[in-house]
Amino acid sequence: LFRPVAPLLLLLATGSLFLFSPAAGQQQVQKLAEGTGANLVQVKCTLCHDLGNITSIRQSREEWEDTIKVMIRRGAPVSPEEEIIILDYLTKHYGK
């Protein structure tokens with residue numbers, strides 16, 4: 001029953017690794033910029049993401065807000081108060 005699903009899961013897993021791997025010669029940042037909210041981002045966001053996934057992009061405040069809301073809908077354990085702190089931090093240090 002589960003055998004036909006295994007190749008699909010393997011394909012999805014390896015494909016997602018490829019999509020989120022840094023480009024050749026590009027290293028991912030493994031340290032967040034210092035500031036209020038950095039520890040919260042480290043604790044909450046790295047439950048599912050590598051720091052490089054967070055620090056390698058620049059988004060506007062609205063884009064970060066949308067991203068955070070999507071992550072919360074997907075199950076990120078972030079309270080409304082933490083959401084504001086994370087949003088302020090990401091906007092200040094990784095905004096465009």
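Mentor: Begin with handedness. A crossing is right-handed if the near helix is turned clockwise from the far one by less than a right angle, and left-handed if anticlockwise. Keep in mind that this model is predicted.

Trainee: Which hand does the crossing of α4 and α5 have?

Mentor: Helix α4 passes α5 in a right-handed crossing. The axes of α4 (residues 61-73) and α5 come within 9 Å and cross at roughly 140°. That angle makes α4 oblique to α5.

Trainee: Which residues of α4 and α5 meet?

Mentor: On the α4 side they include Trp 64, Ile 68 and Ile 72, and on the α5 side Ile 86, Leu 90 and Tyr 94 are among them. By class, this contact of α4 with α5 has seven nonpolar, one polar and five charged residues.

Trainee: How do α2 and α5 cross?

Mentor: The axes of α2 (residues 38-45) and α5 (residues 80-94) come within 9 Å, crossing at roughly 110°. So α2 is roughly perpendicular to α5. The crossing of α2 past α5 is left-handed. Ala 38, Leu 40, Val 41 and Lys 44 in α2 meet residues of α5 including Ile 85 and Tyr 89. The contact of α2 with α5 divides into seven nonpolar, no polar and two charged residues.

Trainee: How many disulfides are there?

Mentor: A disulfide is a covalent bond between the sulfur atoms of two cysteines. A search of the whole structure finds zero.

Trainee: Is Cys 48 buried or exposed?

Mentor: Cys 48 counts as exposed, because its relative accessibility is 69%.

Methods:
Residues are numbered from 1 along each chain as its sequence is written. This is a predicted model: local features need pLDDT of at least 70, side-chain atom pairs count only at pLDDT 80 or more; totals for chains, interfaces and linings use all residues. Side-chain values use heavy atoms; hydrogens and water are left out. A disulfide is a pair of cysteine sulfur atoms within 2.5 Å. Buried means under 20% relative accessible area, exposed over 50%, partly exposed in between (1.4 Å probe, protein chains only). Axes are lines fitted to C-alpha atoms, for helices over the stretch in contact, and angles run from 0 to 180 degrees between N-to-C directions. Helices (H or I, at least four residues) and strands (E, at least two) are DSSP runs, numbered from the N terminus. Angles under 35 degrees count as roughly parallel, over 145 as roughly antiparallel, 65 to 115 as roughly perpendicular and the rest as oblique. Contact means heavy atoms within 4.5 Å. Ala, Val, Leu, Ile, Met, Phe, Trp, Tyr, Cys and Pro count as nonpolar, Asp, Glu, Lys and Arg as charged, and the others, Gly among them, as polar.
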